[in-house]
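These are my notebook entries on one protein. I record below what I looked up, beginning with the surface.

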Amino acid sequence: MANEAVDEGEAATPGVTRRQFLVTASAAGAFLLTFSIEGMTRAARAAGGAATTINTWIQLGTDDSITMLIGSSEMGQGVMTGLAQLLAEDLMVDWKRVKAEAAPAGSAYANPLFRTQLTGGSASIRGYYQALRLAGATARDMFIAAAAQTWGISPGLCRASNGTVINTLTSAALRYGELAPLAATMPVPSAPALVPDNALRIIGKSMPRVDIPSKTDGSATYGIDVRVPGMVYAVVKHCPSLGGRLVGTPAKPAGAIAVVPLTVLAGTDRGSEQTGMVNAVAVVADNTWKAMKLANQLNASWSIPTSSQSITTSALFSQADALIANGTPRVAETIGDANTAIGNGGGTLVEATYRLPYLAHATMEVLNCTVSITAGGCEIWAPTQGQLATVATAAAITGLSPDRITVHTTMLGGGLGRKIEQDFISQAVQVAKAIGKPVKLMWPREEDFTRDQFRPMAVVRVRARVGGDGTVSAWAYRNCSPSITQQRRPTFTAVDSQAIDGATTPTGLTYELGARLVEHVVHPSPVPVGYWRSVGHSINTFAIESMIDELAAAIRMDPYLLRRQLLRSDPRGLAVLDQAASLAGWGGAVPSGRARGIALAWAFNSVVAEVAEISIPTAGQIRVHRVWCAVDCGRPVNPDQITAQMQGGIVHGISAALWGQINFTAGKAGVRNFDAYPMVKLRQMPDITVQIMPPNPSVPIGGIGEPGVPPIAPAIANAYFTLTGQRVRTLPFFPGARMGGL
């Protein structure tokens with residue numbers, strides 16, 4: 001497949017694609033990198049016998065290169081590097097020789113936290129930490145055993161160092177590359193020793209990202225780059241309203257190869273999109289541009305139920321308000337009798353209701369998937385966060401056994417939880433099966449926005465009673481939002497833990513709040529919902545941290561000092577809060593016309609505190625000048641990655657807080673592209689300072705991909721109150737904002 005030139009309507013010169021042109025230019029004419037497809041290079045090496053597989057995770061090249069097979073998906077978060085560090089540490093190799101590739105789909109690569117191969121929940125380092133360190137240590141001991149056998153000495157007289165095994169009697173050394181064939185035959189040790197904390201060389205260091213060189217020179221293969229021989233191109237067009245069905249297959253337009261109706265399959269149905277519904281078509285052509293044009297012009301007829309007319313933002317929020325007042329809650333946590341304590345008087349009662357909108361994922365790379373079905377099986381190339389789910393989806397459609405389905409995980413141009421879903425995978429497999437050709441299926445950006453699995457909307461009511469000394473005696477918290485879990489399992493009747501993320505003690509909230517009642521009322525909205533970065537934390541942290549500030553204002557107490565008081569029993573949270581405040585110089589002078597707000601979040605075993613400094617340069621705008629962030633993730637593996645993830649999360653959260661929202665009218669999403677869904681531009685970027693707390697082996701390892709998001713919205717809102725005296729309880733700050741010039 002390498003070197004194949006395919007006319008996709010985007011060629012810079014005949015036979016040269018845009019990506020190839022960029023690659024050539026970046027190399028200043030020195031070389032021309034060609035396309036490769038994840039998995040194929042590995043297969044080629046295996047066929048040539050050039051690499052030795054030591055265990056599931058490690059392959060050793062004859063040049064002593066170490067290839068780590070990474071079970072998680074690389075979507076910009078640096079997971080290939082972080083996980084490779086875990087393996088490399090205990091394998092004791094030279095980092096410069098480490099390479100990383102996406103592992104194939106397989107239960108052997110399942111994240112132990114999920115027991116499936118899935119990237120999400122800030123769980124890659126958390127889930128694989130122990131398993132990959134043991135894998136590295138196991139392989140290292142197998143190299144030592146091979147060397148000991150070669151020299152005829154005890155393994156105890158050998159030691160590993162930097163990709164070699166050294167004979168401690170003679171100082172002779174054997175490279176891992178030399179030992180690989182024999183090492184692969186050695187018995188697998190049952191309890192290899194891990195490198196002790198005080199001898200770590202790679203974990204805890206900012207090792208260079210292994211994915212950056214290929215992304216810099218353009219040779220990295222994203223899903224959208226994949227090409228296979230004989231492939232055609234499909235573009236999806238959905239019914240414009242949620243819940244609508246295709247009346248009949250439209251006539252094939254001139255120039256099209258096929259028009260394929262697409263069915264919602266079991267497991268991909270959400271909200272109003274029910275199993276068996278034909279809610280979209282794929283227009284197939286010999287290039288993407290042609291398929292897009294034909295899809296736009298397609299005259300499809302849809303049957304739209306009258307119920308779709310009621311899917312409007314105003315109606316959904318009105319329904320939520322009614323449910324907050326009178327709905328039947330599912331009780332998530334009870335400590336004492338919060339309702340009685342609130343009604344008993346004493347101190348000051350503060351009540352507030354917060355509203356948050358639906359949000360789109362808006363990943364830079366639109367949804368896409370390439371599928372080839374032959375007599376031998378089914379091959380899938382996809383930017384997916386769920387490899388084993390992809391296998392199951394393809395098996396259900398093709399009827400093939402899972403062992404005949406191969407998934408090549410490409411680089412992801414952003415995931416943010418959207419690419420866990422299987423709708424786009426299912427559609428690509430359906431098209432490939434229908435037309436009998438390899439096909440790359442793509443969603444235009446407009447489909448990406450209007451047919452997202454959105455972050456749920458929410459209305460949260462908080463009532464709390466606070467004494468003049470800052471003691472909170474009662475806290476009643478009610479969240480009304482659609483349940484992601486229940487949309488996937490309609491029979492689910494328990495409390496959806498994701499809906500109350502960060503609002504209960506087990507999900508991280510450690511403030512001393514007296515008698516506590518935390519409830520979730522399920523909103524029956526038919527809008528499909530999914531896992532947006534940080535899931536429920538972005539909703540609940542906004543409500544909780546805004547309310548803490550409201551309590552502080554009610555008793556005229558500094559909001560940072562009130563948080564300190566409420567964190568008396570949580571030294572970890574207190575340390576993070578203090579660190580962020582110290583970085584920001586909290587309590588010191590603030591530049592004229594600016595104000596600072598502070599917020600704290602517990603998410604995915606990490607604790608993050610952020611201070612935002614803002615101004616209002618003109619009416620209708622907020623400028624976030626600086627953000628100071630402190631994060632405790634237990635065991636930092638790659639500080640540079642952690643810093644980058646905090647920065648990315650903060651920027652993502654600023655965009656959402658200031659402008660992000662998806663509204664619905666008569667079942668149609670109102671945002672179709674980035675012009676109505678602004679993102680932070682380069683010139684709007686705040687200066688961000690990130691402080692990583694010292695390693696804390698006494699707590700479980702925390703995630704880093706998502707915890708940076710939740711605190712920034714309340715930090716900005718709290719700063720806004722300090723600056724203006726006005727409390728923002730409804731996000732976004734600027735509804736209906738449009739993307740301006742760059």
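How much accessible surface does the protein have, and what percentage of it belongs to carbon and sulfur atoms? I found about 27,300 Å², of which 54% belongs to carbon and sulfur atoms; accessible areas come from the Shrake-Rupley method with a 1.4 Å probe, and for residues only the protein chains shown count as cover.

I note that this is a predicted model, in which local features need pLDDT of at least 70, side-chain atom pairs count only at pLDDT 80 or more, and totals for chains, interfaces and linings use all residues. Residues are numbered from 1 along each chain as its sequence is written, and side-chain values use heavy atoms, with hydrogens and water left out.

Next I looked up the overall form. The C-alpha trace spans about 80 × 75 × 50 Å along its principal axes. The radius of gyration, taken over C-alpha atoms, is 27 Å, which agrees with the value near 27 Å for a compact globule of 742 residues; the globule rule is 2.2 Å times the number of residues to the power 0.38.

I then checked burial. Of the 742 residues, 59% are buried, meaning under 20% relative accessible area with a 1.4 Å probe, protein chains only.

Finally, I turned to helix 11, residues 423-435; helices are DSSP runs (H or I, at least four residues) numbered from the N terminus. In helix 11, 11 of the 13 residues are buried, among them Phe-424, Val-431 and Ile-435. Gly-436 follows helix 11 and has a positive phi, near 70°.

Conventions. Buried means under 20% relative accessible area, exposed over 50%, partly exposed in between (1.4 Å probe, protein chains only). Helices (H or I, at least four residues) and strands (E, at least two) are DSSP runs, numbered from the N terminus. The expected span of a helix is 1.5 Å times one less than its number of residues.
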